[in-house]
Structure formats: structure tokens, C-alpha cells
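Hi there,

Here is the structure I promised to pass on.

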Amino acid sequence: MEGRVIVVTSGKGGVGKTTVVANIGCGLASRGKKVALVDADIGLRNLDVVLGLENRIVYDIVHVIEGKCRLRQALIRDKRVQTLFLMPAAQSRDKEAVQPDQMKQLTASLAREFDYVVIDCPAGIERGFKNAVAGADEAVIVTMPEVSAVRDADRIVGLLEAQGLGDPRLVINRLRPEMVKRGDMLDIDDVLDLLAIDLLGVVPDDESVITSTNRGEPVVLDGASRAGEAFRRIAARIDGEDVPFMSLEAQSMWSKFKRFIGVGR
Amino acid sequence: MFDFMSRILGGKSRLGEPRSKSLAKERLKLALACDRVELSPQVFEGLRLDLARAVSKYVEIDEAGMKVRFDSSDRRLSLVASVPVVGTRRTGQARRSKSRR
Ligand SMILES: Nc1ncnc2c1ncn2[C@@H]1O[C@H](COP(=O)(O)OP(=O)(O)OP(=O)(O)O)[C@@H](O)[C@H]1O
Ligand SMILES: [Mg+2]
């Protein structure tokens, strides 16, 4: 059976694409699926450090495309989850080193061997974007609840449609419940109302994302993290499971205290 | 109680200025609508003026109170104009007043 090729994109930079790719990849692999992550951010690779695999790179995506090595040789197996693999980007090349057609071929060959192929798209709407979406069957758009990220996400919806990727799903990242509560941050409904696409999940702004990234361990593996829980649910939804959305109420002092002493979440 | 406190500490009262997220949403609505039809703000202003001119050929309007916006619920775009009418004029009159100029 052919695997699903999913591109994760946003238009705006720094909203969390790489974090989302690492975590849904790791989440899907933890569910026993065979997953290949493709870093399409040529020249600015990061997926390797986020996954803690930066010391193992020998070959990269441009080597594969230029025929300097075989596909298998460039795939790095994850340290923790046996069914997770990374195809790293080239660091000393630029986006022009790859053509959309070549990307299509590469993702198609990966899809023959993996259940999921997840592509980390670079910021922007130029060549790097076109490469990243070329071989995708589905798209996930990452945004943050603020004006420029939402606006860029809307542009991306239009551009994806033009590429035949008509039903993208949305991840709202870095939501801050206490700001939403006091009316100083767009809430989930506002964003869905504006973008009019389906919601895949909401990830709270959470320090544990940064601390786990410091260690090179996707937060989805951290059973105590709220962001980790959000990513586990997103992975389950991609995998076809119908899981309820997490409640992201601003946490009261009481529930924070209860969590602190270890009773309740 | 908590709500009350946060309203005092958080700045604007309920009756005061809108919170920043409502502003964000309103501004985004228009920006997205314009992006989607690829209208620049200048072209949009032109559209507003033309509309005002067209409508005032038939009725007297309060141009300052006129509101034009794109509504983009469900990714379908429609142009919604609310034009306060301050007086009617007969079509004949409208034509006459024009020819007099
Ligand atoms: N939910 C979150 N809570 C806290 N920090 C986050 C969260 N998501 C992402 N971050 C942090 O935000 C920063 C940007 O994230 P990331 O690199 O994933 O974005 P990106 O969209 O891939 O950026 P680029 O466009 O440069 O590729 C990182 O430092 C990351 O750790
Ligand atoms: Mg990135």
C-alpha cells in the first residue's frame, strides 16, 4: 500500500513547522507506523537538531537527488523510535539545487516504503515552498493566533488550492489561554472563522517545547507535557482516530497547585 | 470575582475600548478579503467612492456614515454596503441637478 505524503507549511517563518513535523512524525512512529521525515528547508536545515540526530548525517537530500548516494543511505534512523527516519536537508546548498519534479519522485519512492512521509516546508512562498508541496497528497498549515501568521496562512490556503491541495488542515500553535481569556489573543473560533479550514489541533505555548528541543527530544515523548499531549492527539487524528480536542482553559492557581503536588492534570 | 479582578487589572472596562483581539479580527477580516480578491487598499477606496457616487444619483446619502466591507464567511466573498439614506430624490430631479452643472 502507498503511504501518505503530508506537507507541513505556514508561509510565515518561525511559527513552529519544524516542531510540528518532528512531533507528529515521532507521535505517528510511536503508534507503530513507519514514518519518513523529509527536511525540505535546504540551506537552513533544523529538523536534524530538533530530533537530536545532527551528528549522524552523512548524506542528504541533494546527494540523493543528484545520484551521489542511494535513498536508503541518506535515511537516518531515530535513536528512540525504531520506525522513525529522517531525510536531512543539505546545508551548504540552496533551494535551487532541487526541482519540484525531483521532489515528486523522491517522495513517491519514500511513500512506497513508509506509511507516512512528512515534509518540513521552508518559510516563504517561493521555490522552497513549491519543492516542498510538489509531491504532497495532503497539507497541514501551521499558524499562530496573531495577525501576520493568520494572514500568511490564508495566502497559503489559496496557493495550496492552486497546487491541487484543496483541503488543508490547521494546527494553531502557541496559543496562550490566559491571553485568550482576557480578550487579548485571537481564540480558536476566531482563527477558524477567518481561515475557514478544518482544525487538526491546537498546541499551547509551552516551555517544555523549548526545553525538550534543547535536549533534542520531541516533546510528544514527554508524558507530563501539555504540548506533548496536544501533539499525541494530533498524531492520532492524522492516523484516523477520532479524539476530542484538548481543553485549553486558562489554568487556575488551584489546578496548577494540584498538578504541582501530583493530583490531577 | 476573578473576572472582576482581571477586568480591573487588565485595563479597559467592558464598556470601554474593544480588547485587542477584536481589533485584530476586524483588521484581519478586511485584509484577508482584500488579499483574496487581490484588491489593494487604494483600489478598495476607489470602489467605495464609486459606490457612493452611484447611489447618490438616486437617493441622498450620508457618505461619512457609509460602511463598505467584504464578508468572507465560508470562504465565499460578498460585498456588503450599508449606506445611510438621509433623503429621497426623484429620479427626474437627480437628472436635472446633474444637467444644470
Ligand atoms: N508550542 C510552542 N511553545 C513554545 N515554543 C514553541 C512552540 N512551538 C514552537 N516553539 C518554538 O518556536 C521556535 C520556532 O519554531 P520552529 O523552528 O519549529 O518554527 P519554523 O516554522 O520551523 O521556523 P522556520 O520558518 O524558520 O523554519 C522554536 O524555538 C521552537 O522551540
Ligand atoms: Mg523550520
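A salt bridge here is a side-chain nitrogen of Lys or Arg within 4 Å of a carboxyl oxygen of Asp or Glu. B:K25 and A:D193 form one, with their closest N and O atoms 2.9 Å apart. Please keep in mind that this is a predicted model.

That pair belongs to the interface of chain B and chain A, where the count is seven salt bridges. The rule also finds 11 residue pairs in polar contact across this interface, both residues being at pLDDT 80 or more. On the chain B side, α1 (2-9) and α2 (20-37) each supply at least two of the touching residues. The most comes from α2(B), which gives 10 residues. By type, the side of chain B that touches chain A has nine charged residues, five nonpolar and one polar. In total, 15 residues of chain B meet 18 residues of chain A, and about 1700 Å² is buried between the two chains, with carbon and sulfur atoms giving 52% of that area.

Between domain 1 and domain 2 of chain B, about 640 Å² is buried, 66% of it from carbon and sulfur atoms. The count between these two domains is zero salt bridges, and it is likewise zero for residue pairs in polar contact, taking both at pLDDT 80 or more.

Key. Residues are numbered from 1 along each chain as its sequence is written. Chains are lettered from A and ligands numbered from 1 in the order in which they are written. This is a predicted model: local features need pLDDT of at least 70, side-chain atom pairs count only at pLDDT 80 or more; totals for chains, interfaces and linings use all residues. Side-chain values use heavy atoms; hydrogens and water are left out. Buried area is the accessible area (1.4 Å probe) that two parts lose on being put together, summed over both. A polar contact is a pair of N or O atoms within 3.5 Å; within protein, one must be able to donate a hydrogen and the other to accept it, and residues adjacent in sequence count only if both atoms are side-chain atoms. Contact means heavy atoms within 4.5 Å. Helices (H or I, at least four residues) and strands (E, at least two) are DSSP runs, numbered from the N terminus. Ala, Val, Leu, Ile, Met, Phe, Trp, Tyr, Cys and Pro count as nonpolar, Asp, Glu, Lys and Arg as charged, and the others, Gly among them, as polar.
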